[in-house]
Amino acid sequence: MQPGQGRLVVMWGHLALLAVIAGVVVAYWMDARATSLKVNNLLLVQPASVLALMLVALVVPQCFKRTVPGADEEVPAESLSDLGKVAALAACFGAFTTTLEIVGFDVATFLFMIAALFICGERRWWLNLSFSAAFTMLLIYGYGALIPFPFPLTVL
């Protein structure tokens with residue numbers, strides 16, 4: 001296929017989501033800079049913002065797909081089951097944020113990871129449990145080392 005052949009399909013939903021993410025990152029970054037330009041205020045916010053914007057820039061080209069002329073193959077649209085997975089993940093995240101202080105940050109994170117991996121298709125229980133446990137431990141100890149905030153824990 002020669003360059004420029006085929007129809008260009010834009011995935012507007014994905015592009016809009018990336019625009020929202022970039023907008024929120026820039027707004028948060030500028031708000032942090034407006035508050036104070038001291039190093040201790042921008043130590044995490046500024047590098048994380050730059051990294052997030054770089055990642056958005058890397059994903060944007062994937063929102064544009066070129067179809068092959070004459071082929072019946074189109075860019076697949078989201079099915080109802082895909083939208084159901086998104087809704088289930090959103091509900092799990094809502095439950096996660098609601099139960100953080102009730103069951104503890106560690107237990108809530110572990111349970112959220114198990115549910116999220118299952119919703120996304122991981123059916124090997126041993127991998128689901130071990131990855132969730134490793135991720136939770138890394139998150140709790142890493143977050144605790146970076147930010148000395150007394151968040152409630154149950155197990156760790």
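Begin by selecting residues 125–146, which form helix 6. Its 22 residues, at 1.5 Å a residue, should span 32 Å, and the end C-alpha atoms are 31 Å apart, which agrees. The expected span is 1.5 Å times one less than the number of residues; helices (H or I, at least four residues) and strands (E, at least two) are DSSP runs, numbered from the N terminus.

The model is a predicted one, in which local features need pLDDT of at least 70 and side-chain atom pairs count only at pLDDT 80 or more, while totals for chains, interfaces and linings use all residues. Residues are numbered from 1 along each chain as its sequence is written, and side-chain values use heavy atoms, with hydrogens and water left out.

Next, within helix 6, select N128, S132, T136 and I140, which are buried. Viewed down the helix axis, the buried residues fall within an arc of 80 degrees, so they line one face of helix 6; the arc is that of the directions from the axis to the C-beta atoms. Buried means under 20% relative accessible area, exposed over 50% and partly exposed in between (1.4 Å probe, protein chains only).

The next stop concerns aromatic rings. The structure holds 6 aromatic pairs. Rings of Phe, Tyr and Trp (its six-membered ring) pair if their centres lie within 6.5 Å; planes under 30 degrees apart count as stacked, over 60 as edge-to-face and the rest as tilted.

Select F93 and F96, a tilted pair with 5.8 Å centre to centre and 35 degrees between the planes. They lie 3 residues apart in helix 4 (residues 80–103), and are therefore separated by about one helical turn. F93 counts as partly exposed at 45% relative accessibility, whereas F96 is buried at 13%.

Return to helix 6 for F131 and F135, which lie 4 residues apart, about one turn of the helix. Their rings are stacked, with 6.2 Å centre to centre and 25 degrees between the planes. F131 is partly exposed at 41% relative accessibility, and F135 is partly exposed at 33%.

Finally, select F93, F96, F105, F112 and Y143, which ring pairs link into a cluster.
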